[in-house]
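Biologist: Please show me the model, and then I will ask about it piece by piece.

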Amino acid sequence: MPMPKLLKRPSAPAPSEPAPMHPIEAATEAGLTVVDWIDERTQLSQGLRWMMFRKVPKGINWAYTLGSATMFAFLNQAVTGVFLAMYYRPDVNGGAYESIRNINDNVFLGQFVHGMHKWGASVMIVLIFLHMGRVFFFGAYKYPRELTWIIGVVLLILTLAMGFTGYLLPFDQRSYWATIVGVNINNTAPFLGPYIGDFLRGGPEFGATTLSRFYAIHMMLIPGLMAALIGFHLYLVMKLGISAPPWLKAREPEPVIETVEV
Amino acid sequence: MPADRHKQSSKYTADRGMPGAFAGETVTRRRFMSGVAQGAGGIAAASFALPALGFALGPVFKRQQLDWQIIGTTNDFVETSYVTKVITIVQGIGEAGKSIAYVRKRDPAIDTEPHDQWNNWIALSNRCMHLGCPVRYVEAAQRFICPCHGGIYNFRGEVAGGPPVRPLDRFYTYEPPEGHPGHGYVYLGPRYSVNSELQRFSPRDPGEPLDGIGQYLYPSRFDTAVRPTLNNLPLPPTVPGTGS
């Protein structure tokens, strides 16, 4: 595997004749120096090399990119979400709806970024299920990758929770009533249900703090958890390697112990 | 091998030949030190995690007293039809805290549940007992109909069809006795839930049946044993030009 130039160790500088450098060349050289300076102190390139230049089985195809696609959908949600938060106001007294209207009508590219976040959410759910289907039908969840699967399921649940909490934030009629219905579905769990509902609403009725509660869960609690779990999920993928597609026949293992003639 | 080592080791650090051991010392200083460090870290983490958790979970345990509110005069309501009244169920959040009560006068001919001072007026909540959508009263059919999943209730608020699990919730109503400045006004109090025989229960959320095992599967809130208190009845508005 050829190494990209940036990751290579710098060769020893030639002692003689400092030839006049082209500006682009000089810039490249400066960049290299910076990268080397950082790498000498952090040794990050080792981890990077371990992450990027792994062996992958024969016969992998585009279906194997669905996990990365899901991750990029998550990054899209994270980035657009952060910028939406700059204009959004979780004010239950009409301010939330007005701030969304402002984002859509007045802010430069506001409708576009809002749309990216809104439709990106659906795209992420679809990609998760496709990714999950790929892993399931390829049998990639089997030993030793069970924990990767379990973390993936937790990530799926957290993503659905993101969808549920995010749906309220525009605070129009649709999101209000959908949230009432959603919370009441949680209420129907025996024994614990009423307490779950009270926790979600922040009280017995949809009240003054329900919106800010959903907002905090939506933009801080769950994203933090998800980022950590995605990191762990990815680490396991790197550590355990990618499973071969099921149609690939395993080669006969070489006999290890030879018969010893007496 | 490890089993052997375990057998050899004594309870006392001095017996194990540890340099600088004290007589009778059982916990090594290294172990004591790491225990203290971990304990201190645990206490530090708990000191912010526990209050934060309690802060988030607090509303589950909070008592909430719903105030009485005036919804009209005694002449505003009749036995044969419902009047729609906008009520406030959560203070201070504007439109989002409003809800609707359908109110009529009690009709002894059809209202067979026991009569007391709290139900001279029948005030029904507009929240569907399936999943909490707003029902509307359809005069022509004398039915309450829910737009979300097709729940239907009859004139008394009992389930007539569809998925709802119990009759529409009700509110306590009250008219102060003669001599009280609020006499002649109808007051609307806390919400309560009813089972299919219209027996009163503390308020539950939609989707939680109260018949049979339901009342045990869905325990009431910690706050809901409250009887409506009449201590803080708001006074009716003074009409200009009527003296007082």
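Modeller: What follows is a set of questions and answers on this structure.

Biologist: How should I read the numbering, and what kind of model is this?

Modeller: Residues count from 1 along each chain as its sequence is written, and chains are lettered from A and ligands numbered from 1 in the order in which they are written. Local features need pLDDT of at least 70, side-chain atom pairs count only at pLDDT 80 or more, and totals for chains, interfaces and linings use all residues, for this is a predicted model.

Biologist: What are the ipTM and the mean pLDDT of chain B?

Modeller: The model scores pTM 0.83 and ipTM 0.81. The term pLDDT is the predictor's confidence in each residue, from 0 to 100. In chain B, 90% of the residues reach 70 or more, and the mean is 87.

Biologist: Which element of chain B has the lowest mean pLDDT?

Modeller: Helices (H or I, at least four residues) and strands (E, at least two) are DSSP runs, numbered from the N terminus. Strand β7 (residues 152–153) of chain B has the highest mean, 97, among the elements of that chain. Where pLDDT is low, the predicted coordinates should not be read in detail. The lowest mean, 58, belongs to helix α1 (residues 2–8) of chain B.

Biologist: How many helices and strands are there in chain A?

Modeller: From the N terminus on, the elements of chain A run α-α-α-α-α-α-α-α-α. The count for chain A is 9 helices and 0 strands.

Biologist: How many strands has chain B?

Modeller: From the N terminus on, chain B runs α-α-β-β-β-β-β-β-β-β-β-β-β-α. Chain B has 3 helices, and its strands number 11.

Biologist: What radius of gyration has chain B?

Modeller: The radius of gyration is taken over C-alpha atoms, and the globule rule is 2.2 Å times the number of residues to the power 0.38. For 244 residues, a compact globule would be near 18 Å. The C-alpha atoms of chain B fill a box of roughly 95 × 50 × 30 Å along the principal axes. The value for chain B is 31 Å.

Biologist: How far apart are the C-alpha centres of domain 1 and domain 2 of chain B?

Modeller: Domain bounds come from an automatic or database domain assignment. Chain B is divided into domain 1 (1–58) and domain 2 (65–217). Their C-alpha centres lie apart by 61 Å.

Biologist: Which residues have the most contacts inside the largest nonpolar core?

Modeller: A nonpolar core is a set of buried Ala, Val, Leu, Ile, Met, Phe, Trp, Tyr and Cys residues joined through C-beta atoms within 7 Å. A residue is buried if 20 or more other C-beta atoms lie within 10 Å of its own, exposed if 12 or fewer, and partly exposed in between, with C-beta atoms placed from the backbone. Strands β3 (98–105), β4 (121–125), β9 (170–174) and β10 (185–194) of chain B each give two or more residues to this core. Of its 29 residues, those with the most contacts inside it are B:Ala101, B:Val103, B:Ala123, B:Val186 and B:Leu188.

Biologist: How many residues does chain B bring to the contact with chain A?

Modeller: Two residues are in contact if their C-beta atoms, placed from the backbone, lie within 7 Å. Chain A gives 25 residues, and chain B gives 23.

Biologist: How many residues on that side of chain B are nonpolar?

Modeller: Ala, Val, Leu, Ile, Met, Phe, Trp, Tyr, Cys and Pro count as nonpolar, Asp, Glu, Lys and Arg as charged, and the others, Gly among them, as polar. The side of chain B that touches chain A has 4 charged and 5 polar residues, and its nonpolar residues number 14.

Biologist: Is B:Gln142 exposed, partly exposed or buried?

Modeller: B:Gln142 is found in the loop between β5 (136–138) and β6 (143–145) of chain B. Its phi is near 50°, a positive value in a residue other than glycine. Because B:Gln142 has 13 C-beta neighbours inside 10 Å, it counts as partly exposed.

Biologist: Which peptide bond is cis?

Modeller: A:Pro144 is found in the loop between α5 (110–137) and α6 (146–168) of chain A. With omega near 5°, the cis bond is the one from A:Tyr143 to A:Pro144.
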